[in-house]
Every structure is written in C-alpha cells, then in structure tokens.
Amino acid sequence: MKLCIIVANSLRKDPRVIKQIRCAIDEGIDVHFVGFMDDNYNKEFLESVGCHYSIIDLGKKYHGHLKSVIKTIYREFMHLYLPIKTMVRIKPDVIHANDFNTLIQAYIASKICKCRVLYDSHEICAENIGIADKKIRKNTIIVLEHLLLKRIGAMVSVSNAAAAYFSHKYKIQLPTVITNCPYKSNMPIAKDKALDGFEALYQGQMYQGRGYEEFVRSAGFLKNNITLVIRGYGSIEGELRKIVADENLGNRVRFDGPVEIKDIVSKASESHLGVVLTQPLNINFKLTVSNKIFEYIHAGLPVLLSDIPEHRYLNEKFNFGIIVNEFSPTGIAECINFLATNPEKYNVLRNNAIKASDTMCWENESKKLIGIYNRLFQKQ
C-alpha cells in the first residue's frame, strides 16, 4: 500500500499533515510526502518524520506577488506540472490532497496512475479572504470543486459546519469530520488551578479577522493582576504593538515569540485561559474551526470563544468555555474578569476541558482517517 500525501508547504509548520503521515506510518503504510519549498523548510525536520519525501522548489524569483504576467503564468503552470510529475513517478495507490491548491494536481495524477484521491479541505477556499471578493477566481474554484468532488474517492473536512456546507453546496455525501486535535498529552494536570497572576493566552498567527485588536484593547478594562499574553507571529503584530504603546497597555499585555509545534500544549498550560476570537468576516472564518481550541483543552485551559457555529457546537457538547456575547473590548474583558474572580466556575470549565481532551484527541480522530485509507486501498 503506497500513500502519497501532498500539501503546498514544506510540512514543518503543518501539524495536521505531520499527524497524517505519522499515523499512516504506524499502520504500516508506505508514505511518500510531496511538499513545496517555503521559508519553513528544514531538511533535518523532514528526515526526522520518517517517510520518503519530495520538496518542489519553484525558485525564489517565482515566490509571492509577481508583476510580470509571463512569470505569473509560468509559476502557475509549474505549480500544476511539477507535483503531477512527482506523484506519477511515485505511483501511489492513494493520494491524500490537502486543500484545494493540491486537488487538481492530485486528480490529474490519479487518472494517470489509476489510483484514488482523498480530498482534505482545511478551509472553504472559495470563501477565504483574498478570494471571496474576486468573482472570477471564486467562481472558477467553485466550478472546479463541484466537478472534482463528484469524481474523487472520499472527502474530509475540519468542522461539522464546514462539512454541512460542502454537502449542501455540491450535493455530495456529508464529508467525514476529522478535527486537527493534538495527540493526547501525558502531561500531569492538577484537578484545580489557583488563579493568582491570571494569564489569558491568545496564541497562533496574528492576522485580520481573528479579534486580536479587540483582545489587546480589552486590557484597559481588566482587573488588577490579569495579564494578556499573545504568542506567535503574523502580519498585524506591528499594529498590535502600536495599540499597546499608544494606549499605554504595556504593563497588561505581553508578546511572546512562537514555540515549536511539539511545545505548544505544554507552554500553553502555563497560562490560565485560552482565547479564540475568530470573527465571521466571511463564510470560511464562520464555518471552520481553529486548532487553538484543541491545543488549549489539552493544556487544561478553559476557552474564551467568539460566537460562531462550530464554537457554539463544541461548547454546548463539552461545556469547556464561555462564548463572548458582546464582541468588543469591554465584552471580552467582562468574560476574562468573571473567570479570573470565580474559581468555582473556572475549575468546572477547566475540568470539563480536561475531560473533553480525552475525546477530542488525535488518537480518536486518526482512526477515522485510517478507516478511509483502508477503504480506498481496498477499491484498487
């Protein structure tokens, strides 16, 4: 059984794909990873994953936005051609295509190799920022997705809300939901936690639409001894630091650098509250789910959540956090203040988060993925 897993990055910063590879290897499947050269490329890391790998390098002069029409066309052609050529050389029995930007290549290669395709949609591509407002590009993606989803072997999605969207939009069978949960941590977690020096943590990539600005400004309405921690990197970090400086919040907000994927959960456990404030600016943001939720509950943290469908669904099922009803600095601060000063409620949510991590873990999610792999292999 030969499995090709393809994604449009170099793997190191993609925990979902790393876990796909490792669980397949554990099942005795021959895995070949196909990725693309990017700034996170690390040969030592790739060697440590334990599978065959091919990294496609388009050349730095073809990275990013290109003003030259000829160079842009060349890059797009090579982005299609080189992965197809690589996968055909591998001759897999199943191709696992991660996100829409690898689906076309995977489908064409599958026709040449006479193999099956699993489409793993991490987001709703046509409704993402930078695409949804470009009518031609958006409609092209919708048409291609509509055609291809009826011709592949299986599809998975990251959330129940997104799975329902794809099923309704394209009139297909409901995709299997496989969330990007961490492996169950063996880290000992005390039943209760003292609330001294209360820290509210927002970790991940700092981009528009994730409520970082409102989170930072909520510091001005917090009770004493509460600190906001932002850990990660992203395009709006400078803007956030400016807000902190301009509004004199430096003693209430701390910026920490990113940590390696393997350390995310253990580092988060040093705080008291996890924060996920994704805003429903577009359908993609509204219906998908942030990995941070699962990282926080594995760290034994209650979670402060924005009011979007998957957040509400998960919290109603496991009761591990609080939904922010008023999405504003004062509304966010009110929720943080409440948890920081109510140890009984805090520890109920904390214990529920710890229990939820027993269910929402990769050991459970991977069983669904392996089941799909096995069905696809049997159809060869």
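At roughly what angle do the axes of helix α1 (residues 15-26) and helix α15 (residues 362-378) cross? In this predicted model, local features need pLDDT of at least 70 and side-chain atom pairs count only at pLDDT 80 or more, while totals for chains, interfaces and linings use all residues. Residues are numbered from 1 along each chain as its sequence is written, and side-chain values use heavy atoms, with hydrogens and water left out.

The axes of α1 and α15 come within 10 Å and cross at roughly 70°, where axes are lines fitted to C-alpha atoms, for helices over the stretch in contact, and angles run from 0 to 180 degrees between N-to-C directions. Helices (H or I, at least four residues) and strands (E, at least two) are DSSP runs, numbered from the N terminus. In the contact between the two helices (contact means heavy atoms within 4.5 Å), K19, Q20, C23 and A24 of α1 meet W362, S366, L369, I370 and Y373 of α15. The residues of this contact divide into 6 nonpolar, 2 polar and 1 charged; here Ala, Val, Leu, Ile, Met, Phe, Trp, Tyr, Cys and Pro count as nonpolar, Asp, Glu, Lys and Arg as charged, and the others, Gly among them, as polar.

Helix α1 also takes part in the packing on a sheet. This open sheet has 7 strands in the order β3-β2-β1-β4-β5-β6-β7, with parallel pairing, two strands being paired if DSSP finds at least two bridges between them. Because β3 (52-56) and β7 (176-177) stand at the edges, each with a single partner strand, one side of each is left without a neighbour in the sheet. Strands β1 (residues 2-6) and β2 (residues 30-36) run parallel and are joined by 5 bridges, and the bridge partner of C4 in β2 is H32. On this sheet α1 touches β1, β2, β4 (94-98), β5 and β6 (154-157), and the direction of α1 makes about 160° with that of β2.

A further open sheet is formed by 6 strands in the order β10-β9-β8-β11-β12-β13, again with parallel pairing. Its edges are held by β10 (253-256) and β13 (321-323), each with a single partner strand, so one side of each is left without a neighbour in the sheet. Neighbouring strands of this sheet are turned by 25° against each other on average, direction ignored. Strand β12 (residues 303-305) pairs with β13 in the parallel sense over 3 bridges, and V303 stands opposite G321 in β13. Helix α11 (residues 291-298) packs on the sheet, where α11 touches β8 (198-205), β11 (273-276) and β12, and the direction of α11 makes about 140° with that of β8.

Several loop residues were also examined. C125 lies in the loop between β5 (116-121) and α5 (135-149) and is buried, with a relative accessible area of 12%, where buried means under 20% relative accessible area, exposed over 50% and partly exposed in between (1.4 Å probe, protein chains only). Not counting residues up to four places away in sequence, C125 touches F100, I131 and I141. K91, in the loop between α3 (69-90) and β4, has a positive phi of about 55° although it is not a glycine, and counts as exposed at 61% relative accessibility.
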